[in-house]
Amino acid sequence: MTCLHLLLTLVFAVSLGTPVEIQRPRGVPLTKKQFYEESKPFTCLDGSRTIPFDRVNDDYCDCKDGSDEPGTAACPNGSFHCTNAGYRPMFIPSSRINDGICDCCDTTDEYNSGAKCENTCKELGRKEREVLQKMAEITKEGFLLKQQLIEEAKKGQQEKQSKVTDMQENKKQLDEKVEALRTVKETAEQPEKEAKERHLKAWEEQKAAIRLEKDKAKMAETFLELDDNEDGFVSVSELQSHAELDPDADGTLTEIEAQGLMGGAEQVDTSTFESVWPKIKDKYHSEVSREEADISLCLCVVQAQPTIKTPEKTHEDEEAMPPYDADTQALIDAAQKARDDFEEAEKALREMDDQIRNIEKELSFDFGPDAEFTYLYSQCYELTTSEYIYRLCPFNRVSQKPKYGGSETNLGTWGSWSGPENNKYLLMKYEQGTGCWQGPNRSTTVKLTCGKETVVTSTSEPSRCEYLMEFTTPAVCQEPANIDPSPHDHVEL
Amino acid sequence: MEGPEVLLSLNSRGLLAFEHLRLHKDTQAQADGAEVKESVDGDQQQDEGKKDEDGESEKEEDGLWEETFKSHTDTKPNGPTSISLDFSLPGVEHVYGIPEHADDLKLKTTDGGDPYRLYNLDVFQYELYNPMALYGSIPVMLAHNTQRTMGIFWLNAAETWVDISSNTAGKTVFGKMLDFVQGSSEKPQTDVRWISESGIIDVFIMLGPKPSKVFSQYASLTGTQSFPPLASLGYHQCRWNYNDQEDVKSVDQGFDQHDIPYDFIWLDIEHADGKRYFTWDPHKFPQPKEMLQGLMDKRRKMVSIVDPHIRVDSGYKIHNEITSKDFYVKNKDGKNYEGWCWPGNSGYPDFTKPEMRAWWASMFAYDQYEGSMENLFTWNDMNEPSVFNGPEVTMHKDALHGKWEHRDIHNIYGLYVQMATAEGQIQRSGGVERPFVLTRAFFAGSQRYGAVWTGDNAAEWDHLKISIPMCLSLGLVGVSFCGADVGGFFKNPSTELLVRWYQTGAYQPFFRAHAHLDTTRREPWLFGPENTALIREVIRQRYALLPYWYQLFYQAHKTGMPVMRPLWVDYPKDTATFTIDDEFLIGSDLLVHPVTEEGSRGVTAYLPGAEEVWYDVHTFQKHNGAQNLYIPVTLSSIPVFQRGGSIIPRKDRVRRSSTCMENDPYTLYLTNKTNGELYIDDGHSFNYDTKKEFIHRSLTFANNALTSSNLCPDCNFLTSSWIEKVLILGASKPSKVLLKMDGKETPVDFEFDTSMSVLTLRKPGMNAGADWTLLLQ
């Protein structure tokens, strides 16, 4: 193994159809060939020292920068250049030289390891060209689509802008209308209120008269009831038969108590009964309508059980307010109409406000430098995997739902664009999703790549509760550079 | 006794005790969870041979015939069976060992607190500096003073408690000085008491007197560290979980993109189909062989987890076979014992049965473990065994292994799991290839079957710190192949902690990063280019030193010497080393003081040995021994020193995996007046043992001649590795250098760095297996 590894490579390259041989030390790219001249001592590329040329690629590291061993693994920081004719040239760390693993498609990295490598450059080149071509087509078409998207977005944006302007104009008018209607309403409500109050007052008075009338009738009725012996007088003993009138509530109405109620008299006639009546009317239980009275005591229960027919109904009807007179009703109707008009206008104003806010919100989103992402707004895209249905609603939220039933989990709501500095529009970040057990809130990064269609192509959870979604859209397609359709026929010389 | 000196006495405190077996009386004592050990406190017996005839007269205590712990009941059909014995160690102030505990290297006295407990348990988020039981148990204690090292091996696999007391423990340094001045000092003494729940008193005393003697004496009882495949000493990338084949592939590529070496990528429980071990999730890992072949093409390997709890599922081959062969552990009623673990309801194979182990081993055959290949190795987790719904998350003590209760064998269950698994790997290769199996539970002797890690630690600085004494303690009692989860298992480490952990882990025997399912991803390149570079650098340091690690494991395998050692093992008379557990030796020749403090700007390392000199391996600066050296540090620093008088063989051409470096040349780092060795074999087979296919050379540097001579003349192994460089530290400049080989002398180019006195011999070029001499003139 001490043999020198100063093997010169023969590079066959195809250029303009003519094979050319270029000699240089193993692992040196053409761009650096000039530093490796066999006739001269070699100076490390960092200038740190000069060594005899036979120490270049002698499998011992002399230069700190590794430049004396471009073709061996001797230097820890060296790099090896493979030409990879037919594919793309590359540098590999020199630790990958002769490590038994084929890294260069032209097999030049494994010249002494026994690894059986096959030259796959042509195949790789072909595949890469296919992929590039496909990519180029996609990019081309995608870019065209993007132009349309930009066009539409701009149109849409203008429309929305002018719509907002219009709406704001309309809103002003609406504002005025609302104010005007408010005045109309208030103007109409004043006479309405007064008329209603008048009506109410009249009715109250009427009610009082009726009540008085009723009271009198009841008093007369009671007198007759109490006057058991029908002698035209109610006596103390007759009154005593109504124990409920007991003033001290000890259960018995004594003679003295009864006498007291009767103002000291032994008996009273109909006219003097008038002074007794106020003292007893609240407690008095009518003898004939006792049952009825019980029911009225239990009114609450009755009301709670509306299926039971109540005998109070007519009684209530008596107490209902009579309908408004025509004038009052006309005032009310007028006021109601003013109210309705006002409310309607106010509602319209609110709706208008909402609409303006929504459009303004939409306009405030960063839809990209040319608004090319506008079309994604208020759309949703789904991807079904073996277990879940993933749903991406751009600028809104990401969610996950088990395929076979179960509730939806929020994987994050719209946060921000978070791509690299040179193009932040390559990544979207959705944050503050449903919390994980003993963990953080779920979040999702959406990686955008150029594609003709707008689809979610994959999802994964690289870290617990941190999701990664891949999403293709024409909106990120870059303008295709005018490249030579077959760039790899030219190998660098 | 040694002369008039008493070295150790047994039962001097009269704590020898045992419960003789007796029949259950009908007086049913109601259980209330009384500690078993309390039941032996009362009866003190003087003679092991003499049966205690009046045991019947003892007061019946609670818990003798049945105990409850939380909702669990231990029926204790045999009643109390505990045993105990005390050992007095006159002249001893330092005792070590009895892992596994998350505690200092030097054992503490347990007066007034709980004893050290040995009972293999799956502990959720364990506490540090605590004598509580953890995943493994090795009932071996070492006692050390400047005159002698001894060991006590209490061979018992039941739950065991160790009480330690010392007559000097409470004394301050001043108190000790006062004793010394007054000359009235009583001799320092450490008293130790061992208590086990069942079994017999079976004790081995290792008399030393040198530490190396204790190691070989103990190795003669339980065997030495298995000689691991070289690749397993490389870096391991693990995570719960690498989600699918695509994930594995992209992590693998990530290492290449960032030019970081690694040898093993690991799959945790989610890889299996419904936690049915020996199977693959059909959606996430549909083509395991394709994945393994992809890794093999990169000369890398994989580990899949195989736990000993078996999903009870009539559609699962493994379960059906164990059931039909009647290999499950039984419950107290003789039915198959079932408990909850990752797959849900699970059975536990009875690994104490040799037939069961043989069958288990056969399951690793390539045609049985479908989708496995020769670069797939195994991880045995949860083998305490972990039973989620069992008492203390383990198996009921009255479960049955044949006629033995689980109580009797608990601590050795995990050992048998790893034993059977390692045997399976050996068998699948026809006995040719060395196995690699990682275990969480262990017992005395587990070193014979593979590696051990310190279980589910956390991403905290204290956990980084504790990894050192935890692995040192294991090394002292035979288990050299030890490591802690780099980065910490639970929680997310800060970037600084992660970098420091890589720097520490790279210098510990088993080097694996691992992380909990709920943590964020932490592959080495996810923390910015500066930190990627720091981690890359330290992993490269590990790979450059693999030849040294490998030959230390060879020595450990041959002699029982620990690979990662406390300083006192090599400096047994230097009392300053006795309690050091923030630095350690790798072999005799590398001293490592990892930075384990957040925001550290410097560490003070103790360089042992009044006669020694130590060379900073990064700067080649020379320092004298027997001093505390302050070393300023930055985030890139990892203080490592090479002992003067040693030779460290390195492979400085670090590649993407250890296998890729197989044929690479060596660089020898040495100093004046040197002895060293060089061991080389194929790195993976038993041929070193069965066919003597290895190279073992002695390297000596004396009288200006560095000579390689054969330590094994009848060995035969050919290597294509050669010597590309020799660095002599602390050298003077010669006028010329000659290589004497095959009777010829050829001049060798050299360079001399005057500022650091480093002589570099340029490309002497001899084959690493040859006889040669380099003459400095």
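**Annotated regions and a sheet in chain A**

What you see is a predicted model. I will start with chain A and its record.

UniProt, in an unreviewed entry, lists "coiled-coil region" for residues 150–220 and 328–362 of chain A. How much of residues 150–220 of chain A is helix, and how much is strand? The answer is 100% helix and 0% strand, with the end C-alpha atoms 94 Å apart. Residues 328–362 of chain A also come out at 100% helix and 0% strand. For that stretch, the end C-alpha atoms are 51 Å apart.

Now the sheet, also in chain A. It is open, has eight strands and shows mixed pairing. Reading across, the order is E9-E10-E11-E12-E13-E14-E16-E15. Strand E9, residues 381–384, and strand E15, residues 455–463, are at the edges of the sheet in chain A. Each has a single partner strand, so one side of each has no neighbour in the sheet. From one strand to the next, the twist averages 25°.

One pair from that sheet: strand E14 of chain A, residues 443–450, and strand E16 of chain A, residues 466–473, run parallel and are joined by eight bridges. In this pairing, A:Ser443 stands opposite A:Glu466 in E16(A).

Last, chain B. An unreviewed UniProt entry places "domain: Glycoside hydrolase family 31 TIM barrel" at residues 226–552 of chain B. In the model, that stretch of chain B is 34% helix and 13% strand. Its end C-alpha atoms are 12 Å apart.

Key:
Residues are numbered from 1 along each chain as its sequence is written. Chains are lettered from A and ligands numbered from 1 in the order in which they are written. This is a predicted model: local features need pLDDT of at least 70, side-chain atom pairs count only at pLDDT 80 or more; totals for chains, interfaces and linings use all residues. Side-chain values use heavy atoms; hydrogens and water are left out. UniProt positions are given in the numbering used here, feature names are shortened, and annotations may be inferred rather than shown by experiment. Helices (H or I, at least four residues) and strands (E, at least two) are DSSP runs, numbered from the N terminus. Two strands pair if DSSP finds at least two bridges between them. Axes are lines fitted to C-alpha atoms, for helices over the stretch in contact, and angles run from 0 to 180 degrees between N-to-C directions.
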